[in-house]
Every structure is written in C-alpha cells, then in structure tokens.
Amino acid sequence: RLLVSADEPPSARIVFPAQDQEVRLNDEVRVLFEATDDFGVAAVRRVTRIIGPGIERVRPVGLPEGQTNFTGRDGVVFRELGARPGDLVEVVYEVEDTNTLTGPRTARSAPRRFKIFSADERHALLLEREGELLEKMLLRLADRLELDTATDSSKAAARLHKRYLGIVAAEGAYLSFFDALVRDLAEDSLTTEIVRASFREI
C-alpha cells in the first residue's frame with residue numbers, strides 16, 4: 001500500500017528581536033530565526049532591503065541540511081548593507097524546501113524593520129519639542145492669569161477648586177515634558193552648550 005502525503009509549504013519566522021528597533025549604523029544586531037518544512041529545509045537566505053532607495057541584498061545563512069525544523073543565528077551589520085543614518089532597513093528570512101519534483105517552494109518570514117539613528121533627524125525632533133514647550137509655557141501662564149480667586153459662594157468656590165486642581169495636573173504634565181526635554185538635549189550632539197545651559201536655568 002502506497003501512502004502519499006501532500007507537501008506543505010515551508011515557513012520562516014524571526015524569533016529575536018521580537019519587534020522593530022532603532023539602531024546605530026555600526027551596530028551588529030543578533031538575530032534568531034526559525035525555518036520549518038514537513039519534508040526538510042534546503043536553504044535559508046537573509047533578504048535585506050533599504051526602504052526608499054530599494055537596495056536589496058540576499059545572503060545565505062545557516063546550514064539546515066534537510067532538517068524539518070531549523071533554528072539559526074545571524075548577525076546583521078547595517079553599514080555593510082550600504083545603509084546610511086536615517087535609513088529604514090527591512091530584514092526578512094526566506095526558506096526553501098527540498099521539493100525537487102514540483103519545487104522548490106519558498107516562503108518568507110514577517111519583516112523586522114530597523115531605523116538607523118540619525119543625529120540630524122533627532123535634533124529636528126528636539127527643535128519641534130522646544131516649540132511645543134513654549135506653547136505649553138504660554139498656556140500655563142494664561143491659566144494662572146485667568147484664575148480669579150475672588151468668590152462669595154460655596155458653589156463658585158467648588159468650581160474654582162476644581163479648576164485649580166486641573167491647572168496643577170496640567171503643570172505636572174508640563175514639568176515632566178520639560179524634564180524629559182532637558183535630558184534629551186543633554187545627550188544631543190547638535191545642541192549647543194548655550195542652549196543646554198539656558199534650559200537648566202529655567
């Protein structure tokens with residue numbers, strides 16, 4: 001009696017890192033991937049693409065040697081891919097099965113995306129946050145100026161107290177925003193020391 005089994009397509013997935021990341025250009029990111037096939041994995045390839053320019057590179061990784069379940073490790077160095085600061089790099093793993101009759105069949109993992117850190121982009125975002133901070137400062141000042149503490153009734157006093165609590169909560173959020181911005185400016189290589197000192201003195 002001859003039993004015939006259908007050949008299912010292979011599959012691949014990236015186990016680690018579990019999510020997209022921001023990285024430095026010279027970083028090497030360690031990747032753990034899995035490739036499976038019901039009759040055996042013939043090959044695994046890493047496919048990288050720089051979003052925008054569309055530069056794609058394909059590189060064999062691992063030696064599955066026909067294993068039905070293969071776990072491999074890889075190291076991705078973004079400078080070697082031709083990436084530049086500000087680029088978004090997509091990484092997938094492509095698996096090929098051992099079907100030599102009607103195949104081979106291939107499948108790709110879900111992509112993992114890596115944003116290459118850019119000092120210029122980070123500085124531009126900090127400038128936007130500085131403008132947002134100024135708007136928050138003006139709103140806090142306006143709230144204080146509009147707060148009329150004169151009242152002659154218990155209902156008005158209750159409304160005044162509620163509004164005051166709202167102002168206090170808003171100022172707490174503003175201070176948290178301010179502290180975070182000061183910390184980020186301290187780490188920003190494009191922010192001048194004069195600007196850093198000015199924020200520390202506020």
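In this predicted model, Glu94 touches Ala43, Val44, Arg45, Val47, Thr106, Ala107 and Arg108, leaving aside residues up to four places away in sequence. Glu94 belongs to strand S7, residues 88-97, and counts as buried at 14% relative accessibility. Its side chain makes a polar contact of 3.1 Å with the side chain of Arg108.

**Aromatic pairs**
- The whole structure contains four aromatic pairs.
- One of them is the stacked pair of Phe33 and Tyr93, with 4.6 Å centre to centre and 15° between the planes.
- Phe33 is in strand S3 (residues 28-36) and Tyr93 is in strand S7, so this pair ties together parts that are 60 residues apart in sequence.
- Phe33 is buried, at a relative accessible area of 1%, and Tyr93 is buried at 0%.
- Tyr174 and Phe178 form a tilted pair, with 6.4 Å between centres and 35° between planes.
- Tyr174 and Phe178 are about one helical turn apart because four residues separate them in helix H2.
- Tyr174 is buried at 13%, as is Phe178 at 10%.
- Phe33, Phe70 and Tyr93 are linked into a cluster by ring pairs.

**Helix H1**
- Helix H1 covers residues 119-146, 28 residues in number, and spans 41 Å from first to last C-alpha, close to the expected 40 Å.
- Buried residues in H1 include His123, Leu126, Leu133 and Arg140.

**Charges over Phe177**
- Arg129 lies over the face of Phe177 at 6.0 Å from the ring centre.
- Lys136 also lies over the face of Phe177, at 5.1 Å from the ring centre.

**Helix H2**
- Arg159 lies in helix H2, residues 154-187, and is exposed at 58% relative accessibility.
- Arg159 and Tyr174 are 15 residues apart in sequence and 23 Å apart in space, C-alpha to C-alpha.

Definitions and conventions:
Residues are numbered from 1 along each chain as its sequence is written. This is a predicted model: local features need pLDDT of at least 70, side-chain atom pairs count only at pLDDT 80 or more; totals for chains, interfaces and linings use all residues. Side-chain values use heavy atoms; hydrogens and water are left out. Helices (H or I, at least four residues) and strands (E, at least two) are DSSP runs, numbered from the N terminus. Buried means under 20% relative accessible area, exposed over 50%, partly exposed in between (1.4 Å probe, protein chains only). A polar contact is a pair of N or O atoms within 3.5 Å; within protein, one must be able to donate a hydrogen and the other to accept it, and residues adjacent in sequence count only if both atoms are side-chain atoms. Contact means heavy atoms within 4.5 Å. The expected span of a helix is 1.5 Å times one less than its number of residues. Rings of Phe, Tyr and Trp (its six-membered ring) pair if their centres lie within 6.5 Å; planes under 30 degrees apart count as stacked, over 60 as edge-to-face and the rest as tilted. A charge sits over a ring if NZ of Lys or CZ of Arg is within 6 Å of the ring centre and within 35 degrees of the ring normal.
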